[in-house]
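Good morning, and thank you for joining. I would ask you to look at the sequence and the structure together as I speak.

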Amino acid sequence: KNKRRKVLVVDFDIHHGNGTQDMTYNDDHILYFSIHRGLESKKLLGSHPFYPGSGMPDDIGGNLARGFNVNIAWSEPGMSGAEYATA
């Protein structure tokens with residue numbers, strides 16, 4: 001009998017892990033959870049696209065893995081431990 005284990009990947013840094021998301025997007029045995037700066041991150045003078053421009057909250061996983069991809073994209077710089085703990 002094929003007994004695959006469940007895996008949780010937590011990615012928390014300034015950039016979205018688009019490569020990791022791509023590798024896990026259709027796998028319902030891997031929950032990918034990313035906390036990163038969002039596409040429209042605020043700067044002193046308005047907004048700018050933040051590299052790599054991926055990791056939107058509605059990217060929830062492929063057809064076979066809906067709900068196994070979670071993105072929390074913040075628009076404000078300087079998030080602290082309290083914001084990470086809340087997420």
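What does the accessible surface of the protein chain come to, and what percentage of it belongs to carbon and sulfur atoms? The accessible surface comes to about 5900 Å², and 57% of that area belongs to carbon and sulfur atoms. Please keep in mind that this is a predicted model, and that the values I quote are computed from it.

Let me turn to the overall fold. The protein chain has 2 helices and 5 strands. Followed along the sequence, these elements give the pattern β-α-β-β-β-β-α. The protein chain has 87 residues, and buried residues make up 28% of them. As for contacts in the protein chain with a separation of 6 or more, 55% are accounted for by residues 24 or more positions apart.

An open sheet is formed by 3 strands, in the order 1-2-5, and the pairing is parallel. At the edges are strand 1 and strand 5, the latter covering 69–74, and each of these pairs on one side only. On average, and with direction ignored, neighbouring strands of this sheet are turned by 5 degrees against each other.

I would like to look at one of these pairings in detail. Between strand 1 and strand 2 there are 6 bridges, in the parallel sense. Within this part of the sheet, V7 has I30 in strand 2 as its bridge partner.

Is S34 buried or exposed? S34 counts as buried, because its relative accessibility is 0%. This residue lies in strand 2, which spans residues 30–37. Beyond its neighbours within four places in sequence, S34 is in contact with D11, H16 and G17, and also with V70, N71 and I72.

The second example is L8, which is located in strand 1. With a relative accessibility of 54%, L8 counts as exposed, since the threshold for that class is over 50%.

Which residues make the nonpolar surface patch of about 380 Å²? The patch is made by L8 together with V10, F12 and L31. Strand 1, residues 7–12, supplies the largest share of this nonpolar patch, namely 3 residues.

Thank you for your attention.

Conventions. Residues are numbered from 1 along each chain as its sequence is written. This is a predicted model: local features need pLDDT of at least 70, side-chain atom pairs count only at pLDDT 80 or more; totals for chains, interfaces and linings use all residues. Side-chain values use heavy atoms; hydrogens and water are left out. Helices (H or I, at least four residues) and strands (E, at least two) are DSSP runs, numbered from the N terminus. Buried means under 20% relative accessible area, exposed over 50%, partly exposed in between (1.4 Å probe, protein chains only). Contact means heavy atoms within 4.5 Å. Patches are made of residues with over 30% relative accessible area and no salt bridge: like charges are joined within 9 Å, nonpolar side chains (Val, Leu, Ile, Met, Phe, Trp, Tyr) within 5 Å. Accessible areas come from the Shrake-Rupley method with a 1.4 Å probe; for residues, only the protein chains shown count as cover. A salt bridge is a side-chain nitrogen of Lys or Arg within 4 Å of a carboxyl oxygen of Asp or Glu. Two strands pair if DSSP finds at least two bridges between them. Axes are lines fitted to C-alpha atoms, for helices over the stretch in contact, and angles run from 0 to 180 degrees between N-to-C directions.
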